[in-house]
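Biologist: Please bring up the model, and then I'll start asking.

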Amino acid sequence: MAPLLSNVRWILFLGLALLGNLQAAEAGVVRKLQNSRPAALVGRERVSVNENWRFSRFQSNPDSLSYNVLKEWILPTSNDFIVNGAKHERPTGDAPDGDVEYIQASFDDSDWETVNVPHDWAIKGPFHAPNIPNSMGALPINGVGWYRRNLTIASGDLGKSIFLDIDGAMSNSAVWINGQILGGWPYGYNSFRLDLTPYVKEGDNLLAIRIDNPLNFSRWYPGAGLYRNIWLVKVDQTHVGQHGTFITTPTVSAESADVDITVEIENKGNSSRQVEVKTDVYELDTGSGQPGIEVVASFSPTTASVAAGTKQSVNASTTVTSPRLWGPKPDQVPNMYVAVTTLLADDNVIDSYETRFGIRSITYDGDTGISVNGKRVYIQGTNNHHDHGSIGAGFNMRAAERQLEMLQEMGCNALRMSHNPPAPELMDMADTFGFLVLDEIFDVWKEQKIEDDYHVYFDDWHEADLRTFMRRDRNHPSIMAWSFGNEIVEQTSSSGVATARELGGIINEEDPTRQFSAGINNAQAGSGFAGVIEIPGLNYQGEGRGTSFDSAYPPFHRAYPDRVLWSTESSSGVSSRGTYLFPVTGANSTTVSDGTGADESALSVSAYELYAVSWGSSPDKVFDVQDRNSPYAAGEFVWTGWDYIGEPTPFDTEARSSYFGIIDLAGFKKDRFFLYQARWRPDLPMAHILPHWTWPDREGEVTPVHVFSSADEAELFVNGESAGRKTRKPSSYRFRWDDVTYAAGDLRVVAYKNGTAWAEDAVRTAGAPAKLALSADRDAIAGDGRDLSFVSVAVVDADGTLVPDAADEVTFSVEGPARIVSTDNGDPADFTDFPSLTRNAFGGRALAVVAAEPGAVGDITVKTEAEGLEGAEVVLTTA
C-alpha cells in the first residue's frame with residue numbers, strides 16, 4: 001500500500017506544480033522559487049531536434065568546402081575549452097561559403113531523403129563500397145553529407161540564449177543557421193555546443209549541417225552522419241554554463257558523506273548580473289529517471305556578481321547523512337542522487353539545472369587494485385566499440401541496453417570505452433546498471449596509424465577535445481579512471497613522453513579525484529612513457545603475447561609497486577559462433593591460422609575458444625596468468641565484449657566484421673560467453689557443453705567434448721555411458737574429454753560442487769530441418785519509432801532441436817504498424833545488406849530488428865518463412 005500512497009502524493013504534487021506554472025504563465029511573470037521540488041526545470045528548456053531532417057549524400061565534393069577551407073571559422077568553437085593555449089578569433093570577413101546553395105532557405109530540398117537523427121548513412125550499404133577497406137566494414141562511410149531542417153523560434157524566446165547541442169557528428173561537421181556559419185567540430189566522437197543566439201529570428205530558421213568523411217580515417221567502422229542526438233537549449237542569458245557543475249565526494253562513510261559542488265555561471269548578456277545560487281539534493285529513482293520529492297541535503301546558498309560576457313564559478317559543500325552509496329553490481333548497489341541547482345535574480349528563478357551523481361569512494365592500491373567503498377573489485381571488463389551491429393552507429397537506447405544486459409548476465413562489471421568518447425546516454429546507463437568505466441578519448445596522437453586519422457587535428461584540438469570530454473562525463477560515479485590513449489605510436493619516443501605529460505596534466509586539472517591510464521603495447525616497465533601513466537594498462541603484455549608466458553606484470557609491479565596494474569586489452573580470442581574445426585589443439589592457447597583453428601575457404605574460426613590472433617591468447621591462458629599475479633593484477637578488459645563492424649581479423653581483406661566478440665554481431669552468444677560466465681560468476685550453477693552433437697560425416701571419428709563450468713568436478717555421459725569424471729584444474733574453467741568418439745545420440749554432463757550435483761547440460765543430435773521457431777527479446781515495445789524488439793529465428797527439426805549447421809534462406813515480414821529495421825545472422829563473412837528482409841541462417845539462427853511506427857498502438861505480427869520449412873510468427877504489442 002505504501003508505494004501506491006507515494007505515487008498518489010507524487011501525482012498530486014505534479015498537478016499542483018503544473019497548475020502553478022500555468023497560472024504564472026498566464027500572469028506573464030517568472031515563477032518564484034517554491035519550497036518543494038519543481039515538477040520541471042524552471043527557466044531552462046531542452047528540446048529534441050531529431051525529427052524531420054532532409055538529407056543528401058554526395059560521393060564527390062558538391063560545394064568546394066572542406067575542413068581546411070572552413071578551419072578559421074570552426075576553431076573558435078573550441079575556445080571555452082582552451083586553457084593552456086591561445087584562443088581563436090573568429091574572422092571578421094565573410095566565410096568562403098557564399099556560393100553554397102544548401103545553406104540558403106531558398107534551396108529546394110524536396111527531393112532529398114527525409115531522415116530522423118540519430119542517423120548513420122552508411123549502414124544500409126551496399127557492401128563493397130569503392131575504396132573502403134574491410135577494416136572499416138566495406139560500407140559507404142565516405143563522402144559529404146548535408147542535413148537541413150527548419151527551427152521555429154517563438155517571439156518569447158528572443159532575448160534568451162539559444163544553443164544547439166550536438167552529441168556526436170561523424171565527422172568534420174560544420175553548422176550554419178540562416179546562411180551564417182556557426183562553427184563545428186572535426187572529432188566525430190565528441191559532443192559540442194554552438195550558440196545560435198546572434199543569428200536566429202522569430203519564426204522559421206534554416207539549420208544546415210555539413211559532414212565530410214574521407215576514405216580512410218578509422219581503423220574500424222566509424223559510422224557516418226548525425227549519429228547521436230541533437231538538442232535545442234533555451235535559457236536565460238545568465239545561466240549555468242555548459243557542463244557547468246562538478247560534484248565530488250571527498251569523504252564517504254556509511255554514516256555520512258561530504259559533498260562538494262562547483263557551479264559555473266555564464267552571463268551572455270550586456271550587463272552585470274547579481275545571482276543567488278541554491279542547490280538541493282534528492283535521491284534519484286533510476287527506474288523512472290525522476291528525482292524524489294524529499295530534499296535529502298542542501299548546499300549553502302551563495303551569491304555571485306557575474307560581469308557581462310564572462311563566467312564565474314562558485315563553490316559550496318554539504319553533508320548527506322546515511323548516504324545510499326553507489327557501487328558496482330553484483331556485490332554493491334548503484335544508488336544515484338540528483339542535485340538541482342537554481343539561479344535566482346531579484347528573487348526570481350532564471351535557470352535550473354540538474355546534475356546526476358553518486359556517492360562513493362575509489363581507492364587505487366598497487367597491491368590490491370581497485371576498491372570501491374572499501375571493497376576490492378576485481379575488474380571483469382570488456383572493450384566495446386560504439387556500433388550496434390546491423391543498425392549501425394546511430395545511437396539507440398534499447399540496442400545499447402541490450403548489449404549491457406547481456407554483458408552483465410555474463411558477469412562483466414566494467415566497460416572500457418574503446419577508443420573514444422561514448423554517447424552521453426551510454427554513460428547514464430553505465431551509472432544505473434552499476435558498471436565501472438574506463439572512459440577513453442584518443443586512439444591517435446601526433447603520429448598516424450592510418451592516413452586521415454585524428455593525427456591531422458591533434459595539435460589544434462587535443463586540449464579542447466580532452467577538456468570537453470572530461471567536463472561532460474566527470475560527474476558519473478561509474479567512471480573509475482580516465483584513459484588518454486590506446487597503443488599510441490609514439491609511446492617509445494621522447495615526444496610521446498612529453499605529450500603524455502601534457503595530457504596527464506590536463507586530466508589532473510580537470511579531475512584531481514581520479515587517476516588516468518593508457519593502453520600500452522610497446523613501452524616497457526621503466527620507460528619514460530610508462531613512468532607517466534598513473535595506471536599502466538597492459539595491452540596483451542599482461543598475459544604474454546601469443547604463445548609466450550612472459551608476463552609484463554612482474555616487471556611493471558617491481559618498477560611501480562604503488563600503482564594499479566590491469567590489462568586494458570586481453571585475449572583477442574577469435575571464433576565463429578557454432579563452428580567447430582578439427583583437429584582440436586591440445587594446448588590451452590594456440591595462434592590461429594588456416595588449418596589451425598581456421599578455415600580460410602569458409603572464412604570461419606573454430607569455436608572451441610582456444611584460438612587467438614598472433615599477439616593474443618585464449619581466455620584460459622589469460623585466466624592462468626592473471627591468477628599467478630593476483631592480487632596486484634587488478635583485472636582485465638577483454639577484446640571484445642561484442643563483435644563489431646570492421647577489423648575482421650584473421651580475414652582482414654575478406655570478411656566484413658570482427659571475430660573477437662564474446663557475443664556475435666547479431667547478439668547470439670558464442671561458447672566463449674559461458675567460459676567467461678564460469679569464471680566471472682563462479683557461484684552461478686552452470687555447465688555448458690560444446691560442440692554441438694550433429695556430425696553425420698564424423699561417425700566413428702574422435703570428436704573432443706569440452707565443458708565450461710566453475711564446478712569442482714564434472715562427469716560426461718555419451719549416449720548414456722560415462723566418459724569419466726574429471727576434476728577442474730586451478731585457474732581453469734574448462735573440462736576436456738579429448739578422446740570421445742562420435743556417435744549420433746546425446747551428450748550430458750553433471751557438474752559437482754562440494755561433492756554434490758550442482759548443474760547439468762545436455763545436447764543431442766538434430767534431425768533434418770523441419771520448421772522455424774521465433775522468439776522476441778521483448779513482446780511489448782513503445783510506439784515511438786525508436787524502441788526495438790530483437791526477434792530471433794531458429795531452424796529446428798521436427799522435435800524442436802536446433803539444427804546447428806542449418807543455413808536456410810529465411811525471409812522476414814511484418815504485419816501491423818511496424819517496420820523491420822535490419823536483419824543479421826552473426827556471420828562475419830555475410831555481405832547481405834543489413835536492411836535485407838531475406839538472409840541465410842548461420843549456425844541455425846538469424847535475427848530481425850523490429851521497430852513500431854511513431855504513434856503506433858496495437859499488435860504487430862512478425863513472420864518468417866523458408867522454402868520447405870514450416871513458418872513461424874510472433875506477436876508484439878505496442879502502445
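Biologist: Which residues of H9 are buried?
Modeller: Those buried in H9 are Pro619, Asp620, Lys621, Val622, Phe623, Asp624, Val625 and Gln626, where buried means under 20% relative accessible area, exposed over 50% and partly exposed in between, with a 1.4 Å probe and protein chains only. That makes 8 of the 10 residues in helix H9 (residues 619–628), which is mostly covered. Helices (H or I, at least four residues) and strands (E, at least two) are DSSP runs, numbered from the N terminus. This is a predicted model, in which local features need pLDDT of at least 70 and side-chain atom pairs count only at pLDDT 80 or more, while totals for chains, interfaces and linings use all residues. Residues are numbered from 1 along each chain as its sequence is written, and side-chain values use heavy atoms, with hydrogens and water left out.

Biologist: How do the axes of H3 and H10 cross?
Modeller: They come within 8 Å and cross at roughly 55°, which makes H3 oblique to H10. The axes are lines fitted to C-alpha atoms, for helices over the stretch in contact, with angles from 0 to 180 degrees between N-to-C directions; under 35 degrees counts as roughly parallel, over 145 as roughly antiparallel, 65 to 115 as roughly perpendicular and the rest as oblique.

Biologist: Which residues make that contact?
Modeller: From H3 they are Met406, Glu409 and Met410, and from H10 they are Phe673, Tyr676, Gln677 and Trp680. By class this contact of H3 with H10 has 5 nonpolar, 1 polar and 1 charged, where Ala, Val, Leu, Ile, Met, Phe, Trp, Tyr, Cys and Pro count as nonpolar, Asp, Glu, Lys and Arg as charged, and the others, Gly among them, as polar.

Biologist: New topic: how many cavities are there?
Modeller: The search of the whole structure finds 7 cavities of 30 Å³ or more. On a 1 Å grid over the protein atoms alone, a cavity is a set of points where a 1.4 Å probe fits but cannot get out, and a pocket is an open set with protein on both sides within 12 Å along at least five of seven lines, while lining residues have an atom within 4 Å of a point. The largest cavity holds about 280 Å³, a volume being the space filled by probe spheres set on the points, which are joined across faces, edges and corners. Its lining has 22 residues, of which Tyr187, Tyr189, Phe217, Asp453 and Tyr454 are the closest to its centre.

Biologist: And what lines the second largest cavity?
Modeller: There are 18 lining residues, with Asn384, His385, His386, Gln403 and Leu426 nearest the centre, and the volume of the second largest cavity is about 230 Å³. Helix H3 (residues 397–410) supplies the largest share of that lining, 3 residues.

Biologist: What about the second largest pocket, what is its volume?
Modeller: The second largest pocket has about 980 Å³, and of its 34 lining residues, Asn79, Asp80, Glu266, Lys268 and Lys311 lie nearest the centre. Strand S11 gives the most to that lining, 6 residues.

Conventions: Contact means heavy atoms within 4.5 Å.
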